Amino acid sequence: MLKNVPNILSPALLKTLDEMGHGDCICIGDGNFPGASIAKAQGAVYLRADGHGVPTLLDAVLKMIPLDDNVETPVMLMDTMECDKNLDIIIWKEYEKIVKVHDSRGTAAIGKYERSEFYEQAKKAYCVVQSGESAIYGNIILRKGIVYGQ
């Protein structure tokens, strides 16, 4: 066992976070996200986190890795489609709170990709995690920063 590791992180996910270098991305998809096919597109690590929501996974991941300081928005969300522009995407508010805790830029560290672009960027991720999140537009991509000496 290890100390101070969130128990939601499986051994495989913890290993993957450690293997990632700065600039590598991890995509955490909601339950409707086509995670297996997205990961298969370019040989990304594909992991499942059934029964877990994205906010809990996001918080646990950000306890283990920093966000990239060398890009303006190291946290990317899937923007709503035109037919959903009037929806209040509540899960995004949760993401904002979590990012504020882990990154001094707060909500300024968060950007959005148009839906098709999100899928294209997710295909380039080092790892795709398929969660059990049921909220719509719950997908998120994180770009890992540099882990400095302790």
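Which residues do ring pairs link into a cluster? Phe 33, Tyr 113, Phe 118 and Tyr 119. Rings of Phe, Tyr and Trp (its six-membered ring) pair here if their centres lie within 6.5 Å; planes under 30 degrees apart are stacked, over 60 edge-to-face, and the rest tilted.

Some ground rules before I go on. This is a predicted model: local features need pLDDT of at least 70, side-chain atom pairs count only at pLDDT 80 or more, and totals for chains, interfaces and linings use all residues. Residues are numbered from 1 along each chain as its sequence is written, and side-chain values use heavy atoms, with hydrogens and water left out.

The overall picture, then. The protein chain has five helices and six strands. Those are DSSP runs, numbered from the N terminus: helices are H or I with at least four residues, strands are E with at least two. Along the sequence, the order is α-β-α-β-α-β-α-β-α-β-β. Along the principal axes, the C-alpha atoms fill a box of roughly 45 × 30 × 25 Å.

Buried residues make up 45% of the 150. Buried is under 20% relative accessible area, exposed is over 50%, and partly exposed lies in between (1.4 Å probe, protein chains only). Now contacts, meaning heavy atoms within 4.5 Å. Among those between residues at least 6 apart in sequence, 86% join residues at least 24 apart.

On to the core. The largest nonpolar core has 47 residues, and Phe 33, Ile 140 and Leu 142 touch the most other members. Such a core is a set of buried Ala, Val, Leu, Ile, Met, Phe, Trp, Tyr and Cys residues joined through side-chain atoms within 4.5 Å. Helix α3, residues 54-64, gives the most to this core: six residues. Back to Phe 33. Not counting residues up to four places away in sequence, its contacts include Ile 38, Met 78, Phe 118, Tyr 119 and Val 128.

Ile 38 takes us to helix α2, residues 35-42, where the buried residues are Gly 35, Ile 38 and Ala 39. After α2 comes Gly 43, with a positive phi near 75°.

Back to the rings. There are four aromatic pairs in the structure. One is Trp 92 with Tyr 137: edge-to-face, 6.5 Å centre to centre, 65° between the planes. Trp 92 sits in helix α4 (90-102) and Tyr 137 in the loop between β5 and β6 (140-143), 45 residues apart. Both are buried.

Stay on Tyr 137. At 8% relative accessibility, Tyr 137 counts as buried. Its phi is positive, about 55°, although it is not a glycine. Asn 4 also has a positive phi, near 65°. Asn 4 lies in the segment before α1 (11-19). At 71% relative accessibility, Asn 4 counts as exposed.

Last stop: Met 81, in the loop between β3 (75-78) and α4. Met 81 is partly exposed, at 33% relative accessible area. Leaving aside neighbours within four places in sequence, Met 81 contacts Arg 115 and Tyr 137.
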